[in-house]
Amino acid sequence: MATGKLYFLRSCLGLFYLHLLLIAVLVIFLVVRELVFHWEDRRFHRQKWYPPLLSSILCGGASAFAWQSFTRRYPSTAMKAAFWLSPILTVAVSFLLISFGFPGSLAAGFLALVFAIIQSLYGLWVNPRVDYSARIFSYSISSSSSSSTTSFVILSIFTGIVYAGFLVAGIGEATAMGAVTDFVFILVILLSLAWTMQVIKNISHVTMGRVAFMKLMSGIDFKPPVALRNAIKHSMGSICIGSILVPVFGTIRGSARAVNLLGGDTDEFMFSCTHCFSNVASNLVMYGNRWGFILVGACNMGFVQSSGKTWDLFRRTGIVPVINYDLTSSFCFLSGVAVGAICTIVAGSWTLVIHKSYATEVSIYAFLIGYFISRIAMVWPQACVSAYYVTFAEGPQIDDFDSTIIQDCINWIQRHNLA
């Protein structure tokens, strides 16, 4: 059984490295093809396409680091600010896209405006939960911070920027050619961007999660470079498979909770499968959740095994309602949206001035890259909060661990029948 799991993890790791090799070959092929055969084609203006997008990537890296630094210094303020900053920036993006005047940009601008309204309504709905989330956020970060954290965050952001810049070269040269196969190439490159950025993020999650867990659990100051080396040496297979499962299962679980909330106790046909959908989502979370990354780093477990053990611990200690009540994941998501919006505004405004026809596509690419870079930067505080929950469920071995935050939340949820 153990041999089969090991073979599976090594296969996932091999698939990830093979995909990196193939993507590198594809990008190099696209660049060389344009250099040799189509460099003189005046239909595509590289000097007007690349600078806005590359500049927005650098701006995204700087914004992500600045926001992460602000979060580290003022965690409670950052938690509260994200829920109004993200909708405002999304509205600005929607107006910018609408101003382009193309059918595609009008549709994207309308969707962005609807998304901003949804964010605003969500912020109002979860407002009573912000104080608890800010409290646990502040404690987790302050209790598990390390002197090496800043250097590690910079390294992670830099890695994301370099990889994104490399892929932008392939996207640009595929755009220059404009054939049907080139649009397929762009889609493949974007999928690679998503998976690789998730892997970079989750390497940081495993690394910083181990540092935070050891600090909270036993009071041991574990060095991030050592944790990083162990993660790359022993846990890359789990990280690669987790980078696929967590976004997929997380989306399903979030959708199930939303449908369950809308369905309520009605007997309407469209909500008849709500209970079944919720059960499926509840079972899937046993096989893949972000809290599992903590034990992947701390105990060198396989990702599926660690996810199941972690969720079982949460159930036995009765903190699943508290997990659902917490807003850390929403904060990190909205932080990504805010940084992505900043990148869109930078790239879109610049492209609108120098070459309007490129503005829509450049803006979309800038948003995606900015979002992923921000998620890499914000994984450190998310890992700290995850480590806090796992430590509480495991039972801390030090006396100064503050468990009253979760206990107060459990009592409040029970009093208000929110479980």
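The second largest cavity in this predicted model has a volume of about 30 Å³. Its lining is made up of Arg290, Trp291, Asp326, Thr328, Ser329, Gln382, Val385, Ser386 and Tyr389. Two helices, H14 (328-354) and H15, each supply at least two residues of this lining. H15 gives the most to the second largest cavity, with four residues. Sorted by class, the lining residues of the second largest cavity are three nonpolar, four polar and two charged.

How many cavities of 30 Å³ or more does a search of the whole structure find? The search finds two. Rolling a probe the size of a water molecule over the atoms shows where empty space is left. The largest cavity has a volume of about 40 Å³. Around the largest cavity stand Phe152, Val153, Ser156, Ser204, Met208, Ile376, Ala377, Val379 and Trp380. Helices H6, H7 and H15 are the elements that give two or more residues to this lining. Here too H15 gives the most, with four residues in the lining of the largest cavity. The lining of the largest cavity has seven nonpolar and two polar residues, and no charged ones. The lining of the second largest cavity, by contrast, includes two charged residues.

H7 and H15 both take part in the lining of the largest cavity, and these two helices also pack against each other. Two packed helices are described by the angle between their axes and the distance between the axes. For H7 and helix H15 (residues 359-394), the angle is about 30° and the axes are 7 Å apart. An angle under 35 degrees counts as roughly parallel, and H7 and H15 are therefore roughly parallel to each other. Their crossing is right-handed. In the contact of H7 with H15 there are 24 nonpolar, seven polar and three charged residues.

A second pair of helices involves H14, which also supplies residues to the second largest cavity. The axes of helix H3 (residues 75-100) and H14 come within 8 Å and cross at roughly 30°. That angle makes H3 roughly parallel to H14. The crossing of H3 and H14 is left-handed, whereas the crossing of H7 and H15 is right-handed. The contact of H3 with H14 is made by 17 nonpolar and nine polar residues, with no charged residue among them.

Of the 16 residues that line the second largest pocket, Thr159, Val199, Ile200, Ile203 and Ile232 are the closest to its centre. Which elements give two or more residues to the lining of the second largest pocket? They are helix H1 (2-38), helix H6 (149-177), helix H7 (180-218) and helix H8 (224-234). By class, the lining of the second largest pocket has twelve nonpolar and four polar residues, and no charged ones.

Ile161 lies in helix H6. Is Ile161 buried or exposed? The relative accessibility of Ile161 is 17%, and a residue under 20% counts as buried, so Ile161 counts as buried. Ile161 and Ile220 are 59 residues apart in sequence, and their C-alpha atoms are 32 Å apart in space.

Phe185 is found in helix H7. Its relative accessibility is 23%, so Phe185 counts as partly exposed. Along the chain, Phe185 and His355 are 170 residues apart, and 24 Å separates their C-alpha atoms.

Asn300 is located in a loop, the one between helix H11 (292-299) and helix H12 (303-317). The phi angle of Asn300 is near 55°, which is a positive value in a residue other than glycine. With a relative accessibility of 41%, Asn300 counts as partly exposed.

How values were computed:
Residues are numbered from 1 along each chain as its sequence is written. This is a predicted model: local features need pLDDT of at least 70, side-chain atom pairs count only at pLDDT 80 or more; totals for chains, interfaces and linings use all residues. Side-chain values use heavy atoms; hydrogens and water are left out. On a 1 Å grid over the protein atoms alone, a cavity is a set of points where a 1.4 Å probe fits but cannot get out, and a pocket is an open set with protein on both sides within 12 Å along at least five of seven lines; lining residues have an atom within 4 Å of a point. Ala, Val, Leu, Ile, Met, Phe, Trp, Tyr, Cys and Pro count as nonpolar, Asp, Glu, Lys and Arg as charged, and the others, Gly among them, as polar. Axes are lines fitted to C-alpha atoms, for helices over the stretch in contact, and angles run from 0 to 180 degrees between N-to-C directions. Angles under 35 degrees count as roughly parallel, over 145 as roughly antiparallel, 65 to 115 as roughly perpendicular and the rest as oblique. A crossing is left-handed if the near helix is turned anticlockwise from the far one by less than a right angle, and right-handed if clockwise. Buried means under 20% relative accessible area, exposed over 50%, partly exposed in between (1.4 Å probe, protein chains only). Grid points are joined across faces, edges and corners, and a volume is the space filled by probe spheres set on the points.
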